[in-house]
Each structure stands twice: as C-alpha cells, then as structure tokens.
Amino acid sequence: MISDIVVNQRVAYGQALLELGAENADIVVLEADLGKSTMSSLFEEKYPDRFFEMGIAEQNMVSTAAGLSIVGKIPFLSTFAVFASGRAYDQIRQAVSIPSLNVNICGSSSGLSDFGDGATHQAVEDIALMRAIPNMTVFVPADAPETRLMVRTMAGIQGPCYIKINRNDLPILTGGARFEAGEPHVLRQGSDVAIFANGVMLSKALEAAAELESLSVSARVINVGTVKPLKAESVARLCGDCVGVVTAEEHSIVGGLGSAISECLQGRLTKPIQYVGIRDLFGTSARGYTELLDYYGLTGGAVVKAALHVMSMCG
C-alpha cells in the first residue's frame with residue numbers, strides 16, 4: 001500500500017548517522033562539500049570532532065576513510081552518487097574493496113532525482129559499477145524508514161557498502177517494519193506476474209499492480225532493497241509459481257536490478273522476463289523529477305505494459 005505520507009531519504013540518512021553516532025564513538029563521517037544536501041551536516045552539528053570536511057576531493061575522501069577504517073573507525077562518506085561511484089572508483093576498488101574494509105559509501109541525489117543538473121550529475125550506472133566490485137554490498141532503499149534500517153545495517157557489516165539515496169520526497173512504503181540484507185520480500189501478493197522493484201520504482205510497481213488487477217492480472221510486488229548480495233534461492237522461490245517476471249529500477253537496464261534477478265534465475269528457473277529501466281542512455285535536465293521519470297519510461301504504465309507483454313509470451 002502506498003502511503004500519503006512522504007519523507008526524504010536524505011533526512012533519514014542524516015538522522016540514522018546521528019543515532020549511530022550516539023551509540024558508537026567509532027562512527028565517523030566524511031563529506032565532500034555537500035553536507036547540507038546529503039544531510040551529513042546533521043552529524044557535523046552534533047559531533048564536529050568526528051566529522052571530516054574533505055572539500056571537492058572525493059578520491060582523497062575515500063582514501064582517508066580507508067585509513068580511518070584500518071585504525072578501527074567506522075566511516076560513512078557521502079557525496080552525489082555520480083561522484084561517489086565514478087570519480088572515486090579507483091580508490092574504492094584499490095584502497096577499500098580489495099582489503100574489504102568497513103567503509104560505507106552514500107551515493108546521494110542518485111539516478112534522475114537531481115533533475116535540474118542533467119547528465120553530468122545523474123548517476124544512472126552506479127549500481128552496475130558497485131555491483132561489479134568484489135566484497136561490495138549494494139543497497140537501494142525504497143523509502144525513508146528502509147533507508148534508516150539500511151544505514152544501521154551498514155555499520156555492522158565487515159566490508160564496504162554502497163547505498164543509493166534519492167534526492168526527492170518519496171512515499172512511505174515499507175514502514176521500516178522489515179529489512180534483512182540480501183533478502184527480498186513481498187509487499188503485495190499475486191499469482192500471475194512477479195514484479196521485482198526497488199527505489200522509486202517500488203511505488204510505480206504497486207501502482208501497476210493495482211491497475212493490472214482491474215485487467216484480471218494478479219501481480220506480486222517484491223521489494224529488492226539489497227541488490228548485492230542477493231539470495232538467489234529466495235528470488236527463485238518468490239517467482240517460481242508465477243508465469244513471468246518484470247523488473248523495475250531507476251537505473252540503466254545494463255548491470256542493475258534486472259541483471260541481478262536474471263543472474264539469480266539462471267540455472268534455477270526459465271521464465272520470460274521484461275526489464276523496466278533506463279535504456280542505455282544518459283540522463284538530461286528537466287523542470288521536475290516526474291517529467292524525467294515519464295520521459296525515460298519509469299512509470300506505472302510502463303510496468304503494466306511489461307507485465308502484459310510477459311503474459312502474452314506465455315500464451
């Protein structure tokens with residue numbers, strides 16, 4: 001069910017850092033001159049001695065976080081997703097992931113959510129980049145409560161983590177009632193088509209399921225908050241009795257959620273599958289977020305179309 005209450009994931013991220021900071025003196029936060037946007041500024045106000053402003057120097061920020069982790073600190077670093085995943089990729093790979101350090105990376109204003117700044121600021125390939133790095137855990141929250149739970153989970157994982165944070169207010173879908181790293185879970189029951197979704201596209205999947213019901217198609221909506229690691233047995237179980245599969249993500253169809261679900265099903269199930277995502281394109285600027293989602297086909301209607309196509313493939 002889609003709530004009328006909307007909350008910003010960035011605020012949830014900042015508040016979760018505050019909670020962790022109060023509980024554990026080893027929590028430290030690093031920022032690349034965007035604290036008021038990523039909301040790490042909340043931590044800076046409360047714990048200035050554990051906050052490190054690195055300036056517009058993302059590569060140095062990652063390397064510094066690696067050093068802090070080596071001496072027992074639990075660093076969280078944040079910047080826009082396009083810079084976190086792209087500009088600092090070499091340092092993430094070499095200094096953090098090869099030694100599997102507990103460094104937690106927040107890719108803020110991810111996907112198309114920074115609608116005004118265009119392709120240079122819109123990370124539509126960050127999940128593919130982070131998924132490909134060994135030892136990396138990758139989270140994509142659907143709402144603010146799930147963001148909070150994921151951030152708390154990240155602090156306890158021995159190894160690097162990446163979380164993709166949306167810039168805009170999003171409806172409450174999960175309520176924060178359940179989250180287990182690596183485990184997808186059902187938000188809406190159905191029997192014909194399994195729709196795996198995350199991030200902003202989870203609400204679009206729920207909208208689509210309601211419309212499909214009016215067309216006599218029963219859609220099961222499954223939240224995949226962890227894209228890596230993803231429990232393949234659970235994925236197969238959750239769609240095994242459905243005739244087909246749809247994936248929906250605010251990301252390129254190359255290397256993201258659709259790829260992860262297909263990899264899970266390989267050798268386990270043979271199902272027709274359709275991807276709803278960005279079709280190997282860069283972002284662009286717009287006057288509003290919804291305008292971009294519509295332009296790139298990231299809508300409930302697109303999910304409906306994909307589900308109906310899957311059904312037609314099954315005769």
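**Close-up views of a predicted model**

**View 1. E53 sits in strand β3, residues 51–53.** Strands (E, at least two residues) and helices (H or I, at least four) are DSSP runs numbered from the N terminus. The model is predicted: local features need pLDDT of at least 70, side-chain atom pairs count only at pLDDT 80 or more, and totals for chains, interfaces and linings use all residues. Residues are numbered from 1 along each chain as its sequence is written, and side-chain values use heavy atoms, without hydrogens and water. E53 has a relative accessible area of 41% and is therefore partly exposed, a class between buried (under 20%) and exposed (over 50%), with a 1.4 Å probe and protein chains only.

**View 2. M39 has a positive phi of about 75 degrees, although M39 is not a glycine.** The residue belongs to the loop between α2 (35–38) and α3 (41–46). M39 counts as buried because its relative accessibility is 17%. Most residues other than glycine have a negative phi.

**View 3. S216, also not a glycine, has a positive phi of about 65 degrees.** Its loop runs between α9 (201–214) and β11 (219–223). With a relative accessibility of 68%, S216 counts as exposed.

**View 4. The peptide bond joining K228 and P229 is cis.** Its omega is about -5 degrees. P229 lies in the loop that connects β12 (226–228) and α10 (232–239). Most peptide bonds are trans.
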